[in-house]
Amino acid sequence: MARPTERLRRLVLPDQTGAERSFLGDVLRQETVGGALLLAAAVIALVWANSPWHDGYEHVREFAIGPLSVEQWAADGLLAIFFYVAGLELKRELVTGSLRKLSLALVPVVAALAGMVVPALLYVAVVSGSGDRSALGGWAVPTATDIAFALAVLAVAGSALPPALRAFLLTLAVVDDLGAITVIAVFFTDHLDLVALAVAVVLVGVYAYLQHRRVRTPWIYVPLALAAWWFVHESGVHATVAGVALGLLTRVRPDPDEEHSPAERLEHRIRPLSAGLAVPAFALFAAGVPVSAAALGAMVRDPAAVGVMVGLVVGKAVGVFGGAWLTATFTRADLNPDLEWRDMLAVAALSGIGFTVSLLVADLAFSSDPAGTARVKAAVLTASLVAAAIAVLLLRLRRRARQVTSS
């Protein structure tokens with residue numbers, strides 16, 4: 001029988017062992033590469049959009065390919081691949097991973113939820129305090145964490161930290177992704193075509209049935225997934241919801257004659273496409289905002305932009321750390337012996353990197369105000385850089401303290 005202290009430590013940050021540890025290591029390495037590609041795409045977008053060829057950037061972004069522009073294909077189409085992988089990851093965590101038991105997932109789940117609620121409240125407070133309540137619809141912009149960027153920063157600045165802390169960040173991001181897609185589906189559906197939605201539901205149901213019947217051929221699944229995505233898009237619900245729905249309906253337990261489950265095989269094949277193409281392409285056409293002195297001055301005078309910066313830099317850190325600490329305190333849980341609360345504070349600051357989903361929500365929340373969208377996107381980029389810098393400083397101070405202690 002496990003001793004009480006051991007049980008409580010598992011409650012806060014359960015150790016990842018065996019196959020799950022190997023899987024986690026693979027995910028972390030791929031997300032780190034994805035973070036580097038994402039950063040490169042964002043830098044290219046900023047340079048291009050602020051160069052003498054900025055008209056060309058706008059022309060490419062608005063160029064129509066079929067029914068959608070290049071920017072819309074990146075946000076609604078390619079980003080659905082990212083959310084499909086997120087759905088696969090969430091399903092795996094719910095069925096076989098660290099979220100399968102509430103007692104094991106309680107702290108990261110509460111921390112993730114608090115990390116969404118507190119930034120939203122701070123945003124509302126800032127915007128309401130300015131007297132201009134027209135921008136209250138952007139409350140969801142600072143609620144998301146970009147796992148690719150966050151893990152890339154953690155890999156560079158916190159390479160000596162225990163795997164349990166990385167596992168906490170990954171679990172936090174999985175719950176955060178679920179919250180983000182729920183917010184998008186519930187709060188950013190302007191109109192609803194019930195016929196198209198019904199067709200999408202039927203197609204998603206067929207996908208689930210085929211999974212249940214152990215059908216494996218991609219010649220059926222690929223057209224089915226594309227059709228489901230299109231009808232979700234046409235229904236008025238954001239098309240990325242289709243990706244999450246299909247991911248959550250994919251089978252994650254292997255049969256006796258299978259070495260890997262369909263979810264594992266699909267994630268292994270599709271994650272490079274998501275990290276190497278889908279997310280960087282979205283960043284390339286979403287991050288191109290003005291960064292001149294005049295543009296930055298307009299940003300700091302915009303209540304919505306200030307609310308986003310406060311929400312990401314302050315709200316995320318306070319929400320994640322406070323949620324974890326309060327949950328651990330009231331459940332009498334203890335940290336993994338290899339960790340201290342200052343490590344958790346660094347990860348809480350790291351969660352303020354809100355890039356991919358924050359930019360997507362900014363497009364949705366301020367779609368009728370292109371200038372406002374640009375200012376809010378600039379605020380997302382600025383806040384993400386500040387949060388990353390704070391996290392790097394905390395991680396390096398912690399690593400130095402560990403080195404002094406060990407010597």
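Why is helix H14 (residues 341-350) largely enclosed by the rest of the structure? Before I answer, a word on what we are looking at: this is a predicted model, in which local features need pLDDT of at least 70 and side-chain atom pairs count only at pLDDT 80 or more, while totals for chains, interfaces and linings use all residues. Residues are numbered from 1 along each chain as its sequence is written, and side-chain values use heavy atoms, with hydrogens and water left out.

Now to helix H14, which is largely enclosed because 7 of its 10 residues are buried, where buried means under 20% relative accessible area with a 1.4 Å probe, counting protein chains only. The buried residues in H14 are Asp343, Met344, Ala346, Val347, Ala348, Ala349 and Leu350.

Stepping back to the whole chain, there are 16 helices and 2 strands; helices are DSSP runs of H or I with at least four residues, strands are runs of E with at least two, and both are numbered from the N terminus. Of the 407 residues, 52% count as buried. If we take the contacts in the chain with a separation of 6 or more, residues 24 or more positions apart account for 81% of them, a contact being heavy atoms within 4.5 Å.

Two single residues illustrate this. Leucine 172 lies in helix H7, residues 163-187, and is buried, with a relative accessible area of 3%. Leaving aside neighbours within four places in sequence, leucine 172 is in contact with Pro108, Ala111, Ala112, Val320 and Ser351. Serine 235, found in helix H9, residues 218-235, also counts as buried, at 0% relative accessibility. Not counting residues up to four places away in sequence, serine 235 touches His191, Leu192, Asp193, Ala196 and Leu197.

Finally, how do two helices pack against each other? Helix H4 (residues 70-95) and helix H10 (residues 240-248) pack at an angle of about 25°, with their axes 7 Å apart; the axes are lines fitted to C-alpha atoms over the stretch in contact, and angles run from 0 to 180 degrees between N-to-C directions. That makes H4 roughly parallel to H10, a term for angles under 35 degrees. Among the residues that meet are Leu79 and Phe83 in H4, and Val244 and Leu246 in H10. The residues of this contact divide into 10 nonpolar, 4 polar and 2 charged, where Ala, Val, Leu, Ile, Met, Phe, Trp, Tyr, Cys and Pro count as nonpolar, Asp, Glu, Lys and Arg as charged, and the others, Gly among them, as polar.

Conventions
Buried < 20%, exposed > 50% of the residue type's maximum accessible area, 1.4 Å probe, protein only. Parallel < 35°, antiparallel > 145°, perpendicular 65-115°, else oblique.
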